[in-house]
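Dear colleague,

Please find below the structure we discussed, together with its sequence. A summary of the findings follows it.

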Amino acid sequence: MDQSYSYQTRLPVFAEADVVVAGGGPAGIGAALAAARNGASVLLVEQRGFLGGMATVSLVPAYTPYSDQEKPVIRGIGLEVLQAMKDAMQPGLKEAYRDIVDWVPIEAETLKLLLDAKMEEAGVRLLFHTCISDVIRSGDRVEALVIHNKSGSHAVKAKWFIDATSDADLVFRAGGKFHKGGEEGELQPATMCFVLNRLNRSRFEAFTREHGKLNAHIERGKASGELKVLHNWAAIAFHNESTCGFNFGHIAGIDGTNAEDLTRGAVEGRKLVHHIADWLRRHIPGFEEAVVAQTGEQIGIRETRRIVGDYTVTFDDFTTCRSFPDDIARNAYYIDVHLSKPLRDGKTFIDKIYLPPGKSHGIPYRSLLPVDFANLFVAGRSISADRTTQGSMRVMPTCFAFGEAAGTAGALLTIAGKTNTRELDMAVLQRQLVRQGAWIGDGNDAN
Ligand SMILES: Cc1cc2nc3c(=O)[nH]c(=O)nc-3n(C[C@H](O)[C@H](O)[C@H](O)COP(=O)(O)OP(=O)(O)OC[C@H]3O[C@@H](n4cnc5c(N)ncnc54)[C@H](O)[C@@H]3O)c2cc1C
């Protein structure tokens, strides 16, 4: 028996813009601001009621380094957002991070508010609480996106579409090419990040100074069987004396493109957070009174699809710090791939590989262009890279930079009256990125 239904397919057009940005994480933010500031009309569609992506949706507690340990490599819009967040942070934190661009703690509510203001200032039209569920494609062109929200189902049209969903939802819905996870389909584990309050930071830091870092205690808790976590690892970021964000507690087998997995991740994730909090209260001085203040609205997803683009950034590009003639950004973050199944020697990460201080590799424009599409960009963690290198480039600062490049390109293509992403003059794009404050390497002619 046929278990499917047909339903009305004629969709009213909700809006038409030069550039439609799908998703409001770091990549979508960079894309929307850059496109609007360069004169394009921009609509940003986001399924939550706020911007920020993993930082606000899933409470990832800190931005990874913006620098190569010598200078910021991520500049432009990414650095502007970081600076604005630091300026608006609560006293104490503000002073502590004044001259720091690496591992800055994220105040989710501060970030949400300032991002709304930046969008308004740039003239970006926002559409929140709206899920993009399909793509209308004609040959190599995306004609429109199908959106669903409280008002019903509509189409949105644009000259250029930027897929910043982090799952390459647009490419997937349009039937484009992609890879997902490792050779056996394995994915990095997910984490339900959380915030604890009623902590005593001074007591906790005195304890770790004397008795070793938190991760060593976690390892002992796990070995004793009392703490039931997959990895002996936590990353934390204090907001003040009594409040701290935690990236702690991996859950394997969650595919972020599967709604049932996301549901299981939410239920298991919250359970795990309360188990962890209970263990921390009983074993870690300074955390005796800890209260779970907040968990992520969605479990944090590290890995899903990676598009097949005109160029795929490789591990060899990373280790040799390769530059490309069409570089649009640089990356200096280490290879950071968490494993779902610990290796036989107990390792829970593939080897972390760091670039030497002062070194970075280029990211070419071509890695943002999904093959077989003329008017679609992908920005964010699903750009075209091999799995290991994605494990480095996936972090938020680089995603801002990918977005800024895609948004700037969309606006420049509009001004130039072009119809294909590949018709853009790279020198023009690079010069404009540099003018905006982005950094694409000192050796680049655009400087
Ligand atoms: C647990 C965890 C810890 C991490 N730790 C760090 C860290 O310490 N520092 C760091 O910098 N990075 C960290 N990362 C990596 C980083 O957070 C992400 O890789 C990064 O946010 C990706 O940026 P993005 O813009 O591609 O997508 P996201 O930040 O995922 O944003 C995508 C946005 O698109 C929206 N969206 C998705 N699909 C649709 C749709 N169909 N319709 C409408 N809207 C849609 C989502 O709601 C979301 O707002 C971590 C990630 C995880 C999961």
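Across the interface of domain 1 and domain 2, six residue pairs are in polar contact, with both residues of each pair at pLDDT 80 or more. Please note that this is a predicted model. On the side of domain 1 that touches domain 2, the residues divide into 10 nonpolar, six polar and four charged.

The interface also holds one salt bridge between domain 1 and domain 2. A salt bridge joins the side chains of Lys180 and Asp255, with a distance of 2.7 Å from N to O.

As for the overall division of the chain, domain 1 is made up of two segments, 13–183 and 304–435, while domain 2 covers 190–295. The C-alpha centres of domain 1 and domain 2 are 28 Å apart. To their contact, domain 1 contributes 20 residues and domain 2 contributes 20 residues.

The size of an interface is often expressed as the accessible area lost when the parts come together. Here, domain 1 and domain 2 bury about 1500 Å² between them, and 61% of this lies on carbon and sulfur atoms. Of the area that domain 1 buries against domain 2, Leu59, Pro61 and His338 supply 32%, more than any other three residues.

The second topic is the ligand. Around the ligand there are 35 residues, of which Ala27, Glu46, Ala62, Asp169 and Arg394 come nearest. For Met396, a backbone N or O atom is 3.0 Å from an oxygen atom of the ligand. Ser166 uses its side chain instead, where an N or O atom is 3.1 Å from an oxygen atom of the ligand. Taken alone, the ligand exposes 990 Å², and the protein buries 96% of that area.

Yours sincerely

Notes: Residues numbered from 1 in each chain as written. Predicted model: local features only at pLDDT ≥ 70, side-chain atom pairs only at ≥ 80, totals over all residues. Heavy atoms only, no water. Domains from an automatic or database assignment. Contact = heavy atoms within 4.5 Å. Buried area = accessible area lost by both parts, 1.4 Å probe. Salt bridge = Lys/Arg side-chain N within 4 Å of Asp/Glu carboxyl O. Polar contact = N/O pair within 3.5 Å; in protein donor to acceptor, adjacent residues only side chain to side chain. Nonpolar A, V, L, I, M, F, W, Y, C, P; charged D, E, K, R; others polar. Near = heavy atom within 4 Å. Areas by Shrake-Rupley, 256 points an atom, 1.4 Å probe, with all protein chains shown as cover.
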